[in-house]
Structures are given as C-alpha cells and as structure tokens.
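Me: I would like to go through the strands and helices of a structure. Could we take it step by step?
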Amino acid sequence: MSKNSQFSDDAVVDLAKARTKLRSRGGRPSSASLKNELSEINLLLDKGLSIEARSRLSDLISAAHSDAEILAEARLALSIALEMHGDYNMSLQAVAMYEPDEAKVNLPIDLALKLGVQVAVAYNYCGDHPKAIALLKVALRESLEQHTSAAVYAALARAYRSISEFSIARDYSQRALEGYRESGDWRGLAEAYFGLALADQGEGQPELAIQKFEQALQLIGDHPQPFFLGKIYSNMAAACWWLRRPQDGVKYLEKAIDYYEHTDHEMAAAIAYNNLGINLTLVGQWERANESLDRSLSLFMQINDRDERVSMTLDSLGELSLLRGNLDEAKDYLGRAVALSTDSPNKWHACQALRTMARCHIATAETDLALGDAERALEIAQHIGDFHSIWESQLLLAESYLKKGDLLACAARLNELSEQSSDSPTAIGLTGEGHRLHGLLALAKSEAPAATQHFGRCVSIFELLGDRYRTGRAHLDLGRAYMLAQSELAAEHLTRAVNIFRELGARRDLEFAEAALTEHDQTPPQQERRREAAIQLITLRLAEAVASRALLLRELAAVIRQETSAKRVIILEPDEEHKQKIVIAHGYEADEANAVADDLSAAETEAARERFAKKHDAKTITLKSTNSLPATLLISPRDSAELSGGLPLDPLLRVVELGMDVCALRARTSTGQVTDNHSGSAGTGLLPGFIHSSPAMTRLVEEVHKIRSSDVTVLVTGESGTGKELVARAIHALSSRRDKIFVPFNCTAVPKELSESYLFGHRRGSFTGAVSDSPGVIRSAAGGTLFIDEVGDLPLDVQPKLLRFLQEGEIQPLGEQKPTHIDVRIIAATNTDLEELVAQGKFREDLYYRLNVIRLRVPPLRERRSEIPTIVNYYINHYSSKFGRHDIQVTPQAVDLLMVADWPGNVRQLCNEVQRIVARAENGNLITPEQLSPELRQMGVPTVPPSSVSVLGTSAKGRSEVVPLENVSLAEALEEVERRMISEALRRHKGNISRAARELGLTRRGLYLKLDRYNITDREGTNN
C-alpha cells in the first residue's frame, strides 16, 4: 500500500532476515525462540499486519513440525490471520485437522478449547452455521472455568448473528461479558460489547449500538488494535446511517480509514471509502465524495475486480452522477453494477443497484424500464426479507406509476405503504420520500393545499437529516405547490432550491428550479383556500411528526413560518446547564439567534420576560410537557402569532405538547441505564474491606487460616497499595492474640537515625533530645502483634538488634543497663526484593531468614480483577456513610473501565478513586464513565495510528494529510504542520491574505512573516 512510504527503513521488518535468523540457530530452533517468534507474530496480528504475519507463520509452521504445542498455536494464529482477510475456506483448512478430539488430546486444555472454538468459527464463516453451533455447544459443555467459557459464548454470539438471530446473539454476548468481567480481560470485554452493539444494530436500535461501540473503544484504550478500531468506527458509521446522522458518519469513517490504512486490510479500507463517499454525497460534499468513491473503486480493482462488493461502489458512483445530472455516465456505472451484482450470491447488492437504476430511468422518462427495475428490486427485497429495501422498492414503483400517469396505481401503492410504514428514526428518510410522492400525487390531482403540507414535511425531515440534495428538491416541490396555493410564499422556497442546487452542482435540477422561479413571476394569485381544510392538514402534519422531538419542533417552526405572517420564528429548549439552546431558527442570522437565546436565558422573572418580549417584538409561548423538558416558541412580530384568517394557534400548540410527551415516553422505553449490583459484602469474612473472592486471594486466605494457631513470624510481600497491612490485621484477628493490641510501625515514616529509639525505646537523657522515657513500639505491643511495614528500609545498623529480638525475645532500650524480655508476635512486610537487597549487602542475610519463616504474597490488583466490582461497591458504601450520601450506584460500563485499568497503585489507588467519586457525587447519582478521573478516561481513548499526525483540514483533493513523525524533531514536525495549514488556508480562500489570516488566528503581518519564513507565496494555495 502507498502508506508504506510514510515509514523509515528501520520501521519495516526485513522478512528475509527474520526467516534467516529463525533458521540459523544451529539446526533445530529452540522452543524458546519459536515461542518468541509466535509472540511477535501475534503482535503483528494485533496491529493488523496480517500479510507479514502469514508469511512468518508459514516459516514457523515448518520450523515447529516436531513441537506439537507451538505448531497448534501457529496454525491457530494462521487461521485467525486468514479469517481477518476474508479467506474463510483457507482459514478452516488451517485448523481442520484439530476438529477430532483425539487430535487435541496431548495439548493444554486452554489451547485445545481455543482450537475447537476457532474450528467452529471457521465453519460459521464458511456458511455451515448448524455445524458451527453444534461444535460450540460441545465446547461449552467442556469448558471448566467461567473465563474460558466466555470465549465460547462470544463465538456462539457470532454464529447466531450470522443467521440474524440477534436476540439469542445478545444473550450469548451478555454471558461472554459476564465471564470476561471475572478475569478483567480488556480484549474480551471490548469484543463482548462489540457483539452486543451488533445485536442492537441488527434489531434496529442504533442509538444503543453506538453507546456500546463507544464502551468498546474506551476498553481498548491505548492498546495497539488498528484493525479492531477500524471495525468499530465503521460500524458506528453504519449506525449513524440508520439514524440519518451523516455528518457523524463522515467523522467515524474518516477515523476507520485512518486505522485501516495502517494495516494490510485493503478490502476493509475500500468498503470504508465507499461508505464515506455515500455519506459525503448525502451532506453535499460531492467533490470529496467522488474522490472517495474513485479511491474505493481503485482499491477494489487492485484486489479483485470481480468481487461482489465492486458493485457497491459502481452503484454509489452511478447515484452521484445521477444527482449531478450526468445521466449517460450514471447509466454506464449502474449497468456495470447491475451486471456484476446479478451473478453475486449476495442479492442485497443487486436489489440496491436495481433501485438506483430505476431512479435513473425515472429521470430519463423511461417509465416502463423503471417499472421493470422496481418490480425486480421488490421481488429480491421480499426474498431476502429486508424491510427497508421492500419499502424503498414500493416507493419507486409508486413513483414509476405516477410518472406514467397511472394515478390510481400510484395511490394504491402509497395507501398500502401508509398501513405498513413506521415512524422510527431509522425509517424517517423513507417517510420523507413517501410524503414527497403524496405531494406529487396531490399536485397531479390539482390539490395544491394538501401538496404544500406534504412538501413542507419533506423540508423538515431532510433538513433534520442533513440531506442537502433532497432538501433542495423538497424546497423546489414546495415552491411549485405554493405557486398554485399561496404564490406569495413560493419565491422563498424556489430561491433556496436554486441556491442549493447551484452549490451542489446538480445541473439538471438547477435548470428546473431556475425555470420555476422565472415562471413564478408570471403566475397569477390564486383564490384563498378553505381554512378549515388547511387546519386539518396542518394538524395531521404535526401529529405525524412524532418520530423525534427535534423533528416535531422543526415541523412546528416550519408551520408557523408558512402559515402565519411571521417574519422570524425561533424555538429554544434548556440545556444541561439550564441555558437556552437553539433548536431551529427561521429569519435570524446565527449571531442574532444566539443573542436572543442569551437574552431569554437571562430573563428569569415574568417581568424580565415581558421586557424581553417588548425588546425583540416577539410573542413568547412556553410549550409544556409532563414527561420532558419544556420548549419556548418565539414569534416575531408579536401580532403575527395567529394563522391566516385570524385563526388561533392554540389547537396546534396542544397537538405539539402531546407529541412532546409521546417522544419522551418512546425515548424512555427504548433506552435506560442498568446499574451494577455486586454485593459489597461478598468475600469479606475476615475484616471489613478484606475482600477475597478471587482464586489468588482465596489461596492467600487459606494460608492465613493455616497459621492462625501459631505465633510464627510472617513476611508479607507485595506491591505498594495491595493491602499488606490488611493481611497482617487478618492474621492477628485469627490468632490467639486477637484480644490484644495490634501495633503498626512503618520504617520509612521515621528518620533513620531515630529508628532504633522508635523500635526499642530509650531512657531520658540517653541521647541529645531525649527529654523523657519512651517505651518503643515493641514494648507497646507487648502481648499482641507488631506489624513492621517496609522492613527492607530498616537501617543496616539497627538490623542486628531486631535479629536478636527475633532470636531471644529480648530488647535493650537506649540508656538501660540490662535487656527486657517482651512477648510480641512479629509480622513484617515489604514491597522490595529482599533477596536482591541481601545480594547487594543492604540487608542482613541472617535477619532475612529469621523473617522469612512463613511467606505470604499479596497479589496485585491486576491479578485479581474479578474483585474490583466488589471492592468498588464496598468502598462506595463506606464513603457514602462517611460523607452522608445515599443511593449512589455505578453503571456496568464504569465498572468495566475500572476493571481494565492498570492500577499501578493497586487497591489504595482504586480506593482513592472511589473516595473522589463519592465526595463529588450527590444523593441518588448514577456513576458513569464520564465521572471517572481524567487519567482513567484518558486510558480509554484509542491511540491515533502510528507514525503520523493529522493536519487540521484537508488537502486540495479532500483527503486528510499526514506528517511523517519518524526521524524528525518536534520543532521540525510542528513547522511542517504549520506550513501545510497555511498553504491549505490560502488554497481555501484563493490567496486572500485577510481571510486566511483570520481563519488561522493571525494578523495580516504575522501571516506575511510566516509566508516569508516558509517561502510560501500567497498564490500557492490557488495553484495546488
């Protein structure tokens, strides 16, 4: 790929050298060298460099023919690499020999399970779903521990998604998630959330899917996973497509492409480029769309020019040509797309290409061909059971009948669709197309008032969706309808259509819009329509706009603008900080609208709101909802707040308030937060806060119980913050000394020269500053237990005295003449390597052996991640009681992020994090990932692809530019970024210094100085 030119020679692995190195180790490679090679290959797979991985795996498999375990792991990795590239049959062949149980009998249990799962996954991708599910059910019965079962559950979820059984797939993904939570496996957790998101997407819940995709991104964090990250962002863009949020889709696809371009997965990049082109077409960036689609087609042709997915890009290019008015070019692309997709086993591509071809034939007035294409598309859509494809095909049939003049057949199709249609956000675009056809049918029947309502709804829908072309077309249709119904309103919409089509470069539609605008001046005024009928149509229009609150409020603003004499309309609603934010504004410049919103936010009393209304000459109306936030409607001038003919607005406003309730209730039922419900008392039997539900901590507790009846010296080791003092207290609590005192002493908490005095005590006057007697901590702990923490930091000259005490049970405080016998049990703890200190001569060997009678290791938090939910809930309850809080709960998503964090400070760091959260929380708060500390949230941010930095803006060809970061200093990289930003700003503003300087935040003189420094001419941008 071209991306390879971004890297220095040092960054590229020399395959020949790697293989020579592997083979040159004296005949047969050692097991250690083979394992090291396998680890490096798995890192390559993580980075998406599967071509190099496959090449090195071939050599590894040859070299490991006599090592059954390494050979099995290498074949497993090869199967995964082939699967990543879509070579499913070869992926199955790589591991097929491990399908029989006897082939895995001598392999480790966990490896045998992984092989069995991979065999089943390979069968699934080869299309044998029943066999895949049967093999996985066998593997599930054989898995012994929950965290091994998690991988089987995840594979079962994949298999059931393949056969569109999304509810079953969700159940298995949820079980996988619970299993991975036990082990704190970040990769498994991320894949489980990815599976849950795909199940949500498959069941038409894209909003929930995006939430789970975002959680997967946070769990991956800064781990190098470019291929997985690319998949997640691509699927997030697909969810945005169903939600009709193309701008977000563009953002996600640009990220996906950035990750794919740093892997060997050209096919994935080609698909992403095609989808990016589709979204850019939707938002009106047609030049960038064309470049993206050309790039997609180029990649497809390099990989396999007969691949079924080539038809996708040909269809996208055909649709773009159709929108631009290049009908012959569109026919050429679409003809190739139909021919290629017809032979494909995936009939969805054929259905899509036929629908676009039908639109092309409608544009060329070849209605019989359009009918034929639409009928074939409908037949395929019904065969594959795609609801949206069926709906769109039926709309094309209705439009074909309309263009042919068969109004009855068109009306019959539309009536049938009205009974089947949905008001879900995913279907809102098709709803808009349906209203367009209803409007065209009304015009054909000379029912212009009804047509204006349908076209008005189209404008609101397509503006909400950000679909520039269809917004322009809706304005054209609405303007034509107003020419017949209310000619004084037609010019505004026709002018908007002209401007949009001119901006897009839609030649054919621009000609239609300009002709309609010219004709408008010659259209005589029409008779006033019956207001009662108009009110009914408007009411119906608002009642049907309950797919979302945003659409409903936009429709209200459009109705006020169209049906009253108002010059300005604005609708606002409160944000999270209770400031007024703009939902939609008509007749205002952006700055004016923001000023109105600020003024309204400042008007807190009735008197202030009245002054506000007078200042802006606006009627202020509050729209109230019992289940959601209110909204504020402003109509200016004040006396225009009524419908034509003096009819009041109140009936329409009541319809809108009811609609706001419906939207709120629908949102409440389709989403919701589920809180974690781990018991805060699980595994806390020894002491409060001593949680021991993991296998590692359970083994530690068993050892503590074994020594409960003896007074033997114990050495507790473990990293800082693991809870060594809690272990020491637990030992004391179980011992026969539990009714006596427990005294902790930290060797690092006192000056080294005073360590002896603090430990053994002193008499008054025994040294300078000894103004009174001190018993020392050993004598203070008489009869009980002394816990000496950080014993590795005990000064070397004090160590012999501690050794004598351990041997004889006697101490001799400073200033006393004879030793004193003291009965104390000693428990020592350290987070350092005492053996290394002994070797360095910094710790006495004889003291080490005296302390190391019983040794207990406290595992770090990363080795007992399954306890994190219980620890979190324990300390939430603890600090809630301390700070006077109640009903504080944590979402599972927040707990999952806590589980995959590194926690170098172990339990102490986690405890501090929970304390901070509770201290800042309020009663009844639900803790989400956003409320975690910044460093934890930062760990949940995916890293940018390696060796490059994106420049703000795009190149002249519309693609994001990158600056190579290898072998350059920070200053050189910043200079290159600055130079490219300046050149790009000059290009965008055609060499205009003032505008470019304003965009870059510079003065004109400052920009001239930088132009001189970087030897850039003010014409450079226009010549690029």
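Me: Which residue stands opposite Ile827 in E10?
Reply: Phe787 stands opposite Ile827. This is a predicted model, in which local features need pLDDT of at least 70, side-chain atom pairs count only at pLDDT 80 or more, and totals for chains, interfaces and linings use all residues. Residues are numbered from 1 along each chain as its sequence is written, and side-chain values use heavy atoms, with hydrogens and water left out.

Me: How many bridges join E7 to E10?
Reply: Four bridges link strand E7 (residues 785-789) with strand E10 (residues 825-830), and the two run parallel. Strands are DSSP runs of E with at least two residues, helices are runs of H or I with at least four, and both are numbered from the N terminus. Two strands pair if DSSP finds at least two bridges between them.

Me: What is the order of the strands in the open sheet?
Reply: The order of its five strands is E6-E7-E10-E5-E11, with parallel pairing. Strand E6 (742-746) and strand E11 (854-857) are the edge strands, each pairing on one side only.

Me: Now the helices: at what angle do H9 and H40 cross?
Reply: The axes of helix H9 (residues 166-183) and helix H40 (residues 892-900) cross at roughly 40° and come within 10 Å. Axes are lines fitted to C-alpha atoms, for helices over the stretch in contact (heavy atoms within 4.5 Å), and angles run from 0 to 180 degrees between N-to-C directions.

Me: Which residues make that contact?
Reply: Leu177, Arg181 and Glu182 of H9 meet Pro892, Asp896 and Met899 of H40.
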